[in-house]
Amino acid sequence: MIGKLRRVRRRLANLRTAPTSKGVALLAFAVSLFLIGVNTGSTWLYLLASACSMIVVVSAPWSSLPLRRLRARRHGIVRATIGELIEYPVTVSTLGSGGRFVVWDPATDSRPAIVEVSSRSIEDVEGILRAVPRNRGVYSSPPLVAACYAPFGLWRTRRTVPCEGDVEVAPPIFEIALPVGLTTHVLNGEGKREPPKRGKGYEFFALREYLPGDPVRHIYWPASARRDEVIVREFEEEGTTPVAVLVVTSPPADAMTLDRVLSVAGSLVRAAVKAHIPVRLVIPGGFEDPGRGPLVLASPSASVLRSTLARVQAPVARDELLKAVRLCREAPMGAVVGVKSARSAWPEGLEGVLDFAIVVAEEEARTSVETMPSAARMWIVPPRGDICFDGLSAASAA
């Protein structure tokens, strides 16, 4: 008995009932009839005012009845991209109490969708939600919000509805080409060493998604079955200098700018993978296992890259950035590219490590960008729109 009372209390706590404009108008009409009846002594006006008031009062708890047993679920994981339209189905069940509902998903900032369920319907009803997500992140079974206007549209009752299925919102990854200066640096062997590259050797190098022209014998079937996409194995061969992309997510940049930094870094990694250039994405913070150090992805596939960027926690503490810089120093790469916003400071220890820098800033902020680490060369990337690299700037400490 006590358990049932607690469940009822929790359900009532989630309900938010407020009158609509129609309900306020009807209540004002009832008050007007009552005042006129007082002045004229008309019994019929008293009865009509009482009837209108009774309808308004009784419909308030009535509008919450269909929401008490409302349940919802998403069909698997909803994968979305910031700023891009997505449509996905949501199944709604009322467990025998029908009604007409307006449902939306706060996790993806979806538009409201109307779902109508008959009380005699045994099967679940499916609704299509359309959304343009604005906030990056991974949400574990986030609830939906449902509103009911029954029976006469005089009251609106809202409730957070439990909903199965995760939501993953990643920053956009653009189809770009590697900057000319970076490509020349890599192909001419100007890096610090000659590490392994993709080739016809026998030593395993990394996994990545299938690209046209890859031999069928290189397909790695266990990983392809797990990721639901074709994954191939790369093998080592000497002669190519790899690239390391270091993401600098230090404050005081805002969330929108940090999402842009992650988008630029992901697009750069994706371009290197498509060009068959080994690349390492270094993300400070150890967000998957705190205290383990920075996360390093070796030539990731598109799905792995999107999921990882969606989970990045930013900004990170100063000591986590120093761990990532130490990793780039102790495991030398052919070219280290740092990506950051104009307002974030470069971490200590990048002198002699950083070869290129990509700074997210407005064009007029070029002269105000702080001094770069020694020998580093810089590109300015706009904070909005497509990713385009302007001319390579010699922005060294000198």
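Buried, as used here, means under 20% relative accessible area, with exposed over 50% and partly exposed in between, using a 1.4 Å probe and protein chains only. Helices (H or I, at least four residues) and strands (E, at least two) are DSSP runs numbered from the N terminus. What you have on screen is a predicted model, so local features need pLDDT of at least 70 and side-chain atom pairs count only at pLDDT 80 or more, while totals for chains, interfaces and linings use all residues. Residues are numbered from 1 along each chain as its sequence is written, and side-chain values use heavy atoms, with hydrogens and water left out.

Let's start with strand β4, residues 86–93. Six of its eight residues are buried, so β4 is largely enclosed by the rest of the structure. Two strands pair if DSSP finds at least two bridges between them. By that rule β4 pairs with strand β2 (residues 71–74) in the antiparallel sense, over four bridges, and Arg71 sits opposite Ser93 of β4. Strand β7 (residues 125–131) also runs antiparallel to β4, joined to it by seven bridges; there, Val90 has Gly127 in β7 as its bridge partner.

Next comes an open sheet of three strands, ordered β3-β12-β8, with mixed pairing. β3 (78–81) and β8 (137–139) are the edge strands, each with a single partner, so one side of each has no neighbour in the sheet. On average, neighbouring strands here are turned by 10° against each other, direction ignored. Those axes are lines fitted to C-alpha atoms, for helices over the stretch in contact, and angles run from 0 to 180 degrees between N-to-C directions. β8 pairs with β12 (residues 167–170) in the antiparallel sense over three bridges, and Gly137 stands opposite Val169 in β12. Helix α7 (residues 302–311) lies across β3, β8 and β12, at about 90° to β12; contact means heavy atoms within 4.5 Å.

Now for the rings: the structure holds two aromatic pairs. Rings of Phe, Tyr and Trp (its six-membered ring) pair if their centres lie within 6.5 Å; planes under 30 degrees apart count as stacked, over 60 as edge-to-face and the rest as tilted. Phe34 and Tyr46 are edge-to-face, at 5.7 Å centre to centre and 70° between the planes. Phe34 belongs to helix α2 (residues 21–40) and Tyr46 to helix α3 (residues 43–62), twelve residues apart. Phe34 is partly exposed at 43% relative accessibility, as is Tyr46 at 31%. Phe356 and Trp379 are stacked, at 5.4 Å and 15°. This pair joins strand β20 (residues 356–360) to strand β21 (residues 377–381), 23 residues apart, and both Phe356 and Trp379 are buried.
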